[in-house]
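This report goes through one protein chain, from its overall make-up to a few individual residues. The sequence and the structure come first, and the reading follows.

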Amino acid sequence: MHVHVLSSLVTITETSRVSVAAPPATVPEQQSWTPRLWGVLAVLCAVLFLDGLDVSMVGVALPSIGAELGLSTTALQWIVNGYVLGYGGLLLLGGRMADLLGRRRIFLAALAVFAVASLVGGLVDDGVLLIATRFIKGLAAAFTAPTALSILTTTFHEGPARNRALSVFTVFGASGYSSGLILGGLLTGLGWRWTFLTPVPLALLALVAGLALIPRDKPAAEGGHDLIGAVTLTAGMLLAVYTVVSAPDRGWLDPVTVGAVVLAAALLVGFVVTETRVRHPLIRLGILRIGTIVRANLSIVALFGSYLSFQFMMTLYLQDVLRWSPLRMALALLPAGLIVAVGSPFVGRLIDRYGTPRLILASMTSLSLGYVWFLATAGSTPNYVVTILPTMLLLGGGFAFGFSSIMAQATDGIDDSEQGLASGLVQTSGQVGAALVLAVVTALVAGGSHTGTAGAADFGQYHPGVNLVTAVAVVGLALNLLPLFRRYRAKHA
């Protein structure tokens, strides 16, 4: 499951617990589901579905894009990471800007930008321009995702109406990703550009419907935003990822590499300093003193970072090395997405019964077993039935258990006034952490391409990357075992 779609859904359970300060003025106390209300929900669901459709279609098309535009593995990862970093860098700012300038206005403007960037991406013939359009789409998503959820929670009353709307919203997000795998496989057979162009008319249709149906809202009377914090965070992470990806070819002691490391560090330090001084920080750093919050944020890095990187490698291996068709490759990866889509709605009951620590532990165990099984059985030519399919099933189970559980832990016990901060922080951690893990994996894979064997179906160049994602998952598992060991020792001391 792609990180953006998951992050769009990540706050659904928690947002339903945190109402807007004042009840919505545009709907009656006893809310009836009028055609207009259904229309608003349809627009919001269509945009979330479109996000999932877009990111999974582009993932399927990566090898075809690389072949036509002459992009290396290193360049292809920027098509993924450009989007992820644009989204993660401005996610916290996006929700705040919607409050200050108006949710309807921000939502529709960002949707228009998404449509234009999709159109341009489908027409360009230059890899740098294509990556730029992905970054812009990530920026647009940083505004549409939190704003769509905010519109939903302010349009539907807390209680049965909102819970019903959130359930529909969740299903559309998960099904969008799964549908995108299949549609991406079909469209890539016609040409990768169709994976960029297909969302354009759908986005324009949603834009027109949104203009007609979404109720107008008033911007906040007071407040502020942390633009400097958003810029330093995004720029620092972009530069850090670029440095990790380019250093193997240029050399870690090359003056350009050293300078980039210093500048990236300076930008990130500047972000931390900014957060301690501005009146309305993106992140109140004091929240990181809470142990469960820290573990949740590190767990989401392990979850998102390992799977995004593994999917990236499998997409390239199955199409570039084994020469599978895009559709066949999409079907091969689909089981994980189906498990997440089907299983996620039931995780809430499991959280109530067993608590988040046990479910997160089960998630990290399933992820780790998936990667370990792959390494143990893959050899030089992984077999689909023996190796790839069991791995995808275990990874899907890991996501199904871990997704909602990590978010619940990240926001558990936090005051209502900081629920949005805690939720946004864990989303940002997932995006940024996934980008960094993918950057390192890409560097390892690119290095392996120079030393691997020349076998037609050889997996050798990808082994270092799988070793890393396995290590990331195992660290996540160990992180969540520590509290259990401490409680056990304290109990038996």
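Helices are taken here as DSSP runs of H or I with at least four residues, and they are numbered from the N terminus. By that definition Gly259 is found in helix H11, which covers residues 255–277. The structure is a predicted model, and its confidence is therefore treated before the details.

## Overall make-up and confidence

The chain has 17 helices and zero strands. Of its 493 residues, 57% count as buried, and among the contacts between residues at least 6 apart in sequence, 85% join residues at least 24 apart.

The average pLDDT of the chain is 81, and 86% of the residues score at least 70. Among the elements, helix H14 (residues 356–378) has the highest mean pLDDT, at 93, whereas helix H2 (residues 12–15) has the lowest, at 43. Over residues 10–28 the pLDDT is below 50, although this stretch has 40 contacts in the model beyond near neighbours in sequence. The pLDDT also stays under 50 over residues 451–456, for which the model has two contacts beyond four places in sequence.

## Nonpolar cores

The largest nonpolar core has 102 residues, and those with the most contacts inside it are Ile65, Ile79 and Met314. Helix H12 gives the most to this core, with 16 residues. Apart from it lies another core, of 31 residues, among them Leu37, Val43, Leu50 and Phe107.

Which residues surround Ile79, leaving aside its neighbours within four places in sequence? Ile79 is in contact with Val58, Leu62, Ile65, Leu71, Leu130, Ile131 and Arg134, and Ile65 in turn is one of the residues with the most contacts inside the largest core.

## The two sides of helix H9

Helix H9 runs over residues 199–213 and has 15 residues; from its first C-alpha to its last it reaches 21 Å, close to the 21 Å expected at 1.5 Å a residue. Its buried residues are Pro199, Val200, Ala203, Ala206, Leu207 and Gly210. Because they cover an arc of only 125° around the axis, these residues lie on the same side of H9. An α-helix has 3.6 residues a turn, so residues three or four places apart point the same way. On the other side of H9, Pro201, Leu205, Val208 and Ala212 are exposed.

## Two buried serines

Ser309 is found in helix H12, which covers residues 291–321, and it is buried, with a relative accessible area of 0%. The side chain of Ser309 reaches the backbone nitrogen of Leu438 at 3.4 Å. Leaving aside its neighbours within four places in sequence, Ser309 is in contact with Val437, Leu438, Val441 and Val469.

Ser366 has its place in helix H14 and is buried as well, with a relative accessible area of 12%. A polar atom of the Ser366 side chain lies 2.5 Å from the backbone oxygen of Leu394. Where neighbours within four places in sequence are left aside, Ser366 is in contact with Leu394, Gly397 and Gly398.

## Residues with accessible surface

| Residue | Relative accessible area | Class |
|---|---|---|
| Ser309 | 0% | buried |
| Ser366 | 12% | buried |
| Gly259 | 35% | partly exposed |
| Ser380 | 40% | partly exposed |
| Arg323 | 65% | exposed |

Ser380 has its place in the loop between H14 and helix H15 (384–411); Ser380 and Gln461 are 81 residues apart in sequence and 9.6 Å apart in space, C-alpha to C-alpha.

Arg323 has its place in the loop between H12 and helix H13 (326–354). Most residues other than glycine have a negative phi. The phi of Arg323, however, is near 60°, a positive value in a residue other than glycine. Why does Arg323 count as exposed? Its relative accessibility is 65%, and exposed means over 50%.

Terms used
Residues are numbered from 1 along each chain as its sequence is written. This is a predicted model: local features need pLDDT of at least 70, side-chain atom pairs count only at pLDDT 80 or more; totals for chains, interfaces and linings use all residues. Side-chain values use heavy atoms; hydrogens and water are left out. The expected span of a helix is 1.5 Å times one less than its number of residues. Buried means under 20% relative accessible area, exposed over 50%, partly exposed in between (1.4 Å probe, protein chains only). The arc is that of the directions from the helix axis to the C-beta atoms. A polar contact is a pair of N or O atoms within 3.5 Å; within protein, one must be able to donate a hydrogen and the other to accept it, and residues adjacent in sequence count only if both atoms are side-chain atoms. Contact means heavy atoms within 4.5 Å. A nonpolar core is a set of buried Ala, Val, Leu, Ile, Met, Phe, Trp, Tyr and Cys residues joined through side-chain atoms within 4.5 Å. pLDDT is the predictor's confidence in each residue, from 0 to 100.
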